[in-house]
Amino acid sequence: PAALNASRFAPCQAPSRDAVRQLCQECFSSPPARLGPLAQRICPGLAAGPGEAQQLVSALHNLTRHVVYRGLTRAEDILSLFPENFHQNLKNLLTKIILENISAWRNEAQASQISLPRLVDLDWRVDIKTSSDSISRMAVPTCLLQFKIQEDAALCGNSPVVSALTVELSKETLDTMLEGLGRIRDQLSAVANK
Amino acid sequence: MGLLNFTREPVPEAVSGDMQSLNQLSAQQFSALTEVLFRFLMEPKEVERFLTQLSDFATMNKISLGPLKNIVKSILLVPSGALKRNLSSEQVRADFIALGLSEEKASYFAEQWKVNSPTLTRLAVDQTLMINQLIDMEWKFGVTAGSSELEKVGSIFLQLKLVIKKGSQMENVYVELTLPQFYSFLHEMERVKTSLESFS
């Protein structure tokens with residue numbers, strides 16, 4: 001997760017809640033390339049030096065985007081992103097602001113060209129396990145499917161993180177998934193044939 | 001049956017019967033079957049090849065393929081669990097004996113496990129990443145508009161939202177696929193379906 005340094009926030013004067021709200025919004029929406037100018041703009045309001053403002057803006061940008069791309073929805077999950085020694089009230093305020101904005105931000109991300117995490121690899125294997133939902137236990141085949149996902153490069157600075165997600169698919173789940181994938185293929189054909 | 005290393009759950013009833021059937025095989029037959037099994041364990045995507053080799057084994061040894069597949073599924077429960085739990089060859093041997101396989105055959109299998117352990121260890125590392133359940137899948141198409149990368153103008157991509165259950169928690173995972181990746185994904189999943197069906 002985005003590394004948050006408590007010291008990035010410490011030197012700044014505590015601005016009003018509305019100012020914090022606005023800042024979170026701007027940091028989320030701003031493409032990475034525009035974070036510099038944003039930082040410069042907010043310096044006076046925060047009574048912070050340009051370096052500190054830059055760090056603050058980057059940290060907020062990474063934090064808000066991380067929450068949206070990971071689909072985090074619970075306060076506990078967001079709170080756990082902050083380091084232990086982080087200022088309690090500020091942590092709660094930021095979490096509250098983020099929760100209020102999550103669905104609007106997600107729509108914004110999908111509507112604009114902010115890129116979501118990308119698939120870089122897909123692998124699978126058949127696994128045999130004991131099925132525990134039949135009356136008589138049986139050894140049944142399942143599929144272990146592994147997605148390798150690369151986070152938005154802008155989120156991770158210059159070293160994009162690739163994470164692996166492994167899901168287990170029963171035959172039934174796989175059939176449902178194939179139905180969905182078939183519908184996607186049909187929609188694509190419809191578009192291609194127009 | 002005492003505590004097993006490869007699983008905490010009770011094993012299917014069919015397993016002891018299957019172990020007894022294995023005990024009926026000669027040492028040579030068991031060795032040949034073990035070779036087929038390990039080739040599959042080392043390259044677990046080679047399902048079609050595995051099933052062909054099983055079918056050949058069945059024909060050569062005058063065993064029916066159906067019962068053989070069931071026996072093989074019972075055997076494979078142990079390596080599956082062993083990989084997830086990173087078991088040693090001694091633990092694998094102990095589990096097979098506990099399930100009813102003869103000491104001689106259990107030791108032989110465990111010896112093969114040890115010999116192949118570098119590859120198996122690598123597979124085990126891949127497996128110890130947490131395994132989640134896929135609950136739901138939603139999607140949206142996106143189109144990249146003009147950007148500074150000319151080749152991206154007007155290309156369609158797919159945004160998938162996977163709803164995953166991690167333990168007791170639900171999590172949404174968003175991932176973008178290009179169209180070639182989508183078609184490849186669809187093709188692979190069709191391969192998986194065929195593979196699962198041939199194991200049933």
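Trainee: Is Lys193(B) buried, partly exposed or exposed?

Mentor: Buried means under 20% relative accessible area, exposed over 50%, and partly exposed in between (1.4 Å probe, protein chains only). Lys193(B) has 27% relative accessibility, so it counts as partly exposed. This is a predicted model: local features need pLDDT of at least 70, side-chain atom pairs count only at pLDDT 80 or more, and totals for chains, interfaces and linings use all residues. Side-chain values use heavy atoms, without hydrogens and water; residues are numbered from 1 along each chain as its sequence is written, with chains lettered from A in the order in which they are written.

Trainee: Which side chain does Lys193(B) meet in a salt bridge?

Mentor: A salt bridge is a side-chain nitrogen of Lys or Arg within 4 Å of a carboxyl oxygen of Asp or Glu. Here Lys193(B) pairs with Asp175(A), at 2.9 Å from N to O. Asp175(A) sits in helix α6 of chain A and Lys193(B) in helix α8 (residues 179-199) of chain B, so the pair joins two chains. Helices are DSSP runs (H or I, at least four residues), as are strands (E, at least two), numbered from the N terminus. Asp175(A) is also partly exposed, at 25%.

Trainee: How many salt bridges cross the interface of chain A and chain B?

Mentor: The rule finds 5. Among them, Asp123(A) meets Lys45(B) at 3.3 Å, running from strand β1 of chain A to the loop between α2 (27-42) and α3 (47-60) of chain B.

Trainee: How many residues does each chain give to the contact?

Mentor: Contact means heavy atoms within 4.5 Å. Chain A gives 57 residues and chain B 61 residues.
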